[in-house]
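Here are a few notes to read alongside the model. Take them in any order you like.

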Amino acid sequence: MKSYAVKNISLSSEGEKKIYWAEKHMPVLALIRKNFKKTKPFENVTIGACLHVTKETAVLVSTLKSAGAEIYLSASNPLSTQDEVAAALAGRGIHVFAWRGMSKEEYYRAIGHVVKAEPMLTMDDGADLTACIHGLYYKEYAREDVKIVAQVVGKKSIGDIVENIVGGTEETTTGVLRLKAMAREGTLLYPIIAVNDSYTKFLFDNRHGTGQSALDGIIRATNMLIAGKTVVVAGYGWVGRGIALRAKGLGANVVVVEVNPIRALEALYDGFYVTNMITASKIGDLFITATGNRSVIRKEHFLKMKNGAILANAGHFNVEIDLEDLENISTSKKEIKTNVTEYTLKNGKKIYLLCEGRLVNLAAAEGHPPEVMDMSFTNQALALLYLLKKNRKLKKKVYRLPLPIDRKIAELKLKSLNVKIEKLTKDQREYLKSWKLGT
Ligand code: NAI
């Protein structure tokens with residue numbers, strides 16, 4: 001029986017070429033795959049995933065399939081699916097439900113198919129899959145997402161579905177925040193490994209991956225010259241600092257807007273102009289949000305912006321730029337080119353919104369480079385294995401992957417890059433442990 005839904009299955013050979021390229025740049029995951037192929041740790045395990053359907057994700061799910069898993073995959077954003085990759089995955093026997101430009105209803109129906117498959121392990125990017133499972137379990141049918149997922153799941157018992165889940169993983173900061181909120185409330189139904197919180201994830205993926213790919217997306221969408229522009233970056237977390245650094249490297253004058261005084265101070269000492277959004281809105285040519293928060297740029301800011309200002313978001317959800325406010329103060333809007341919508345404000349100025357306020361690096365470019373996803377997705381694969389090996393002994397909490405695994409991934413990455421690092425001598429190890437030797 002056909003168990004996938006993609007835009008066009010005949011795109012699969014194009015998708016295969018992209019996956020091949022990603023595979024060649026993900027050497028650490030290749031080592032894991034080699035081992036998984038032999039040991040088959042996921043034999044008879046169904047994995048339900050809600051991830052950006054990119055060529056790098058294809059390498060991850062193919063790795064898990066070669067380890068014996070049955071994979072159900074839905075998109076974690078309506079605009080991030082690479083249709084040719086989705087087609088290739090369907091050809092590889094992955095149950096993939098994803099295409100670029102899904103409606104809200106289609107997006108949640110796809111998640112419904114993943115839930116209905118009764119996964120033993122879940123993999124999330126943004127926690128939509130986990131939130132739907134929890135909403136269903138707690139009978140929150142007033143929620144639109146839960147209503148749609150419930151229709152697809154049909155008569156299957158959500159109690160049995162939850163009982164079958166050993167644990168889940170979460171890829172991104174926003175998802176981890178949502179899951180930690182569930183754990184705090186005492187409503188989390190199974191353990192989660194916050195893959196985002198591994199050093200080999202956030203220090204590289206969030207910072208260098210999004211730093212480069214967000215600007216890549218903006219440039220692909222607009223072909224604008226970054227040099228000489230005033231680029232306002234909202235949020236100086238791991239994503240924001242990557243974007244600020246790369247924008248500076250391209251010759252922009254970077255302005256940072258933060259709410260956390262420590263991070264604002266870091267930005268200042270890293271050489272950026274730090275101010276609040278109302279001041280920044282008067283001087284910015286390009287605004288990039290990366291906060292994980294809502295309404296970071298809103299009515300009062302749009303009204304102060306220069307004619308021609310460009311708005312992009314790199315945070316997980318499309319809530320950072322307040323789209324309702326933007327609609328309300330506009331007299332018209334039109335898509336003037338792919339990924340660029342022109343809003344004409346009541347004050348006569350024009351503002352350009354990229355990718356409907358959805359994450360610009362995935363919607364207008366290809367997401368993070370495979371070299372970076374190599375580490376993020378090795379964390380994912382090893383986190384799933386860890387959950388399985390713990391055999392239901394973990395509490396219903398949000399965990400990090402143990403530090404030795406995190407360090408091992410860094411070691412393997414360095415090895416793949418032929419980089420040698422220094423080793424502590426016995427004497428140095430002892431010195432670092434002792435307190436007796438002073439001045
Ligand atoms: P983070 O927690 O390290 O940084 C967020 C920063 O935003 C914090 O310093 C916080 O103080 C600041 N902030 C919060 N509200 C603000 C406001 N109103 N104005 C200005 N600053 C504000 O989080 P991280 O890891 O940098 O992630 C940020 C977002 O990017 C999340 O939604 C995350 O899920 C997403 N993300 C997106 C990726 C992509 O591929 N586009 C990749 C990785 C993460």
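Which residues form a nonpolar patch on the surface? The points below start there.

1. First, some ground rules. This is a predicted model, so local features need pLDDT of at least 70 and side-chain atom pairs count only at pLDDT 80 or more, while totals for chains, interfaces and linings use all residues. Residues are numbered from 1 along each chain as its sequence is written, and side-chain values use heavy atoms, leaving out hydrogens and water.

2. The patch consists of Leu424, Tyr431, Leu432 and Leu437, with about 470 Å² of accessible area together. (Patch members have over 30% relative accessible area and no salt bridge; like charges are joined within 9 Å, and nonpolar side chains, meaning Val, Leu, Ile, Met, Phe, Trp and Tyr, within 5 Å. Areas come from the Shrake-Rupley method with a 1.4 Å probe, and for residues only the protein chains shown count as cover.) Leu437 sits in the segment after α19 (426-433). Its relative accessibility is 65%, so Leu437 counts as exposed (exposed is over 50%, buried under 20%, partly exposed in between, with a 1.4 Å probe and protein chains only).

3. The term means a side-chain nitrogen of Lys or Arg within 4 Å of a carboxyl oxygen of Asp or Glu. Because they are four residues apart in helix α19, about one helical turn separates Lys426 and Glu430. Helices here are DSSP runs (H or I, at least four residues), as are strands (E, at least two), numbered from the N terminus.

4. By that rule there are 23 salt bridges. One of them joins Glu16 to Arg92, with the closest N and O atoms 2.7 Å apart. Glu16 lies in helix α1 (residues 12-24) and Arg92 in the loop between α4 (83-91) and β3 (95-97), so this pair ties together parts 76 residues apart in sequence.

5. Now for helix packing. Helix α5 (residues 104-116) packs against helix α6 (residues 128-137) at an angle of about 75 degrees, their axes being 10 Å apart. (Axes are lines fitted to C-alpha atoms, for helices over the stretch in contact, and angles run from 0 to 180 degrees between N-to-C directions.) That makes the two, α5 and α6, roughly perpendicular (65 to 115 degrees; under 35 is roughly parallel, over 145 roughly antiparallel, the rest oblique).

6. Finally, a backbone detail: Lys40 is not a glycine, yet its phi is positive, near 45 degrees. Lys40 is in the loop between α2 (27-39) and β1 (46-51).
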